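I opened the model today and kept short notes as I went. Here they are, in the order I wrote them.

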Amino acid sequence: MSSRQYHLIVDGELGPRYRSAFEGMTLSAHDGMTEISGPIIDSSQLAGLLERITGLGLSLRSLTRLDPDIRSDVH
């Protein structure tokens with residue numbers, strides 16, 4: 001099964017201790033927010049990721065499925 005790339009933004013600058021909670025994803029913290037990006041295989045994996053964000057007490061600002069044909073640095 002192929003995965004799709006997702007880009008999430010949460011409030012707060014997450015430190016290194018959160019990396020294990022988002023294994024396989026890239027975290028980039030700046031300006032009071034953290035960008036989390038990487039592959040998601042299916043809807044159940046996405047639901048698990050969203051539950052993890054909620055369980056950690058984080059606020060989700062945005063969730064975007066990236067189109068592999070479109071490259072953009074606009075947030």
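**After the helix.** I looked at what comes next after α1 and found Gly57, with a positive phi near 75°. Helices here are DSSP runs of H or I with at least four residues, strands are runs of E with at least two, and both are numbered from the N terminus.

**What I'm looking at.** This is a predicted model, so I noted the limits: local features need pLDDT of at least 70, side-chain atom pairs count only at pLDDT 80 or more, and totals for chains, interfaces and linings use all residues. Residues are numbered from 1 along each chain as its sequence is written, and side-chain values use heavy atoms, with hydrogens and water left out.

**Helix faces.** Which residues of α1 are buried? I got Leu46, Leu49 and Ile53. They cover an arc of only 60° around the axis, so they sit on the same side of α1; the arc is taken from the directions from the helix axis to the C-beta atoms. On the other side of α1, I found Ser44, Glu51, Thr54 and Gly55 exposed. Buried means under 20% relative accessible area and exposed over 50%, with partly exposed in between (1.4 Å probe, protein chains only).

**What the helix packs on.** The buried residues of α1 pack against β1 (4-11), β3 (33-40) and β4 (60-65), where contact means heavy atoms within 4.5 Å. I also saw that α1 lies across β1, β3 and β4, at about 10° to β1. Axes are lines fitted to C-alpha atoms, for helices over the stretch in contact, and angles run from 0 to 180 degrees between N-to-C directions.

I traced the elements from the N terminus as β-β-β-α-β. The four strands form an open sheet in the order β2-β3-β1-β4, with antiparallel pairing. Two strands pair if DSSP finds at least two bridges between them; β2 and β3 have five, in the antiparallel sense. I picked out Leu27, whose bridge partner in β3 is Ile36.

**Whole protein.** Buried residues make up 25% of the 75 residues. For contacts with a separation of 6 or more, 64% come from residues 24 or more positions apart.
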